[in-house]
Structure formats: C-alpha cells, structure tokens
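Please consider the sequence and the model together, and follow the account below with a few side-chain contacts in view.

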Amino acid sequence: MFRSFGRHPHARTPRPRLAALLLLAAAPTATADPYETVTVDPAGSIAADGTVTLSGTHRCLGTSGPVFVSSSVGQKSPSVRHGIGGTQAVCDGVEHRRQNTGTPSPGALEPGTAHVEATVMELAPQGGLPLPRFHASRQQDVTLTEG
C-alpha cells in the first residue's frame with residue numbers, strides 16, 4: 001500500500017523532495033573532455049600593494065563562443081574567495097601558458113599558503129543566449145610569495 005505522509009491516503013504523486021531528487025538523478029551531468037586541462041603553478045606572487053599574480057596552463061578544443069580562464073584564491077576562510085582576473089583563452093588543442101592578475105580588498109591576502117581554483121569556461125550560444133560551458137577546472141594549494 002502507498003504511504004502518503006500527511007496527505008490524502010489515495011494520493012499517488014511523489015513528495016516534493018522525492019520528485020526533486022528524481023529530477024536531479026535524471027539530469028545530465030556536465031563533464032569536461034579529459035583532453036581539456038587547466039593547471040596552476042605551485043607558487044604565485046603577492047606585491048606590496050596586494051596585487052596577486054597566478055599562472056599555469058590551459059588546453060581546450062571544440063568551442064563555439066568566447067572562452068576565458070579565471071582564477072580565484074582563498075586564504076583565511078574557506079568560504080571567502082577572491083577573484084584574480086580572467087584571461088581570454090585560445091582553444092586550439094595546444095597547451096598555452098596563462099597568467100591572471102588581480103587586487104583583492106586590502107589585507108585580504110598575505111604571503112603564505114592559499115587555495116586556488118582555476119576554471120576554463122566558454123560562453124556557448126544556446127538558443128540565442130550565451131550560457132556557461134565548463135571545459136576544465138582545478139583546485140589546489142599554492143604558496144604566495146612576496147614579489
């Protein structure tokens with residue numbers, strides 16, 4: 001016998017949470033091609049004025065819209081991230097060096113260990129709208145050095 005949990009005993013529709021879980025389970029998952037990569041160099045720099053520079057490489061292929069490599073960094077709190085620039089990416093299947101630079105709010109970062117996330121993201125046209133398509137992402141700890 002079907003159990004309804006607080007609804008009419010003959011109701012046959014799933015509870016809202018169960019319906020949401022079923023939708024999530026059926027939704028396709030966005031995955032990047034294993035050939036597409038982004039790396040983060042193990043060290044970045046932080047200048048006296050707080051400007052942070054992060055570098056690494058990226059490789060992507062098969063795009064139909066503009067592609068960017070962005071990076072963010074966190075240090076003092078795992079829930080606070082600071083955007084460190086974004087550069088336009090070339091997606092021709094060849095590995096390219098890239099460098100992102102940005103200046104977070106004063107005192108937000110200091111020399112030492114920091115957690116970086118780099119992402120290669122395309123603004124792909126879908127039905128006339130540019131929607132994000134992720135090609136590669138990487139998270140890792142780096143050392144910010146004065147410089």
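The paragraphs that follow treat the cysteine link, then the aromatic rings, and then a loop residue.

The model is predicted, with local features requiring pLDDT of at least 70 and side-chain atom pairs counted only at pLDDT 80 or more, while totals for chains, interfaces and linings use all residues. Residues are numbered from 1 along each chain as its sequence is written, and side-chain values use heavy atoms, with hydrogens and water left out.

Taking a disulfide as a pair of cysteine sulfur atoms within 2.5 Å, the count is 1, and the bond in question joins C60 to C91 with an S to S distance of 1.8 Å. C60 belongs to the loop between β3 (52–59) and β4 (67–74), and C91, 31 residues away, to the loop between β5 (82–88) and β6 (96–102), which makes this a link between distant parts of the chain; strands here are DSSP runs of E with at least two residues, numbered from the N terminus. The link of C60 and C91 is left-handed, with -75° about the S-S bond. Both C60 and C91 are buried, that is, under 20% relative accessible area with a 1.4 Å probe and protein chains only.

As for the rings, the charged end of R59 sits over the ring of Y35, 4.3 Å from its centre, where the criterion is that NZ of Lys or CZ of Arg is within 6 Å of the ring centre and within 35 degrees of the ring normal.

The C-alpha atom of A48 is separated by 7.3 Å from that of G147, although the two residues are 99 residues apart along the chain.

Terms used. Helix = DSSP H or I, 4+ residues; strand = E, 2+ residues; numbered from the N terminus. Buried < 20%, exposed > 50% of the residue type's maximum accessible area, 1.4 Å probe, protein only.
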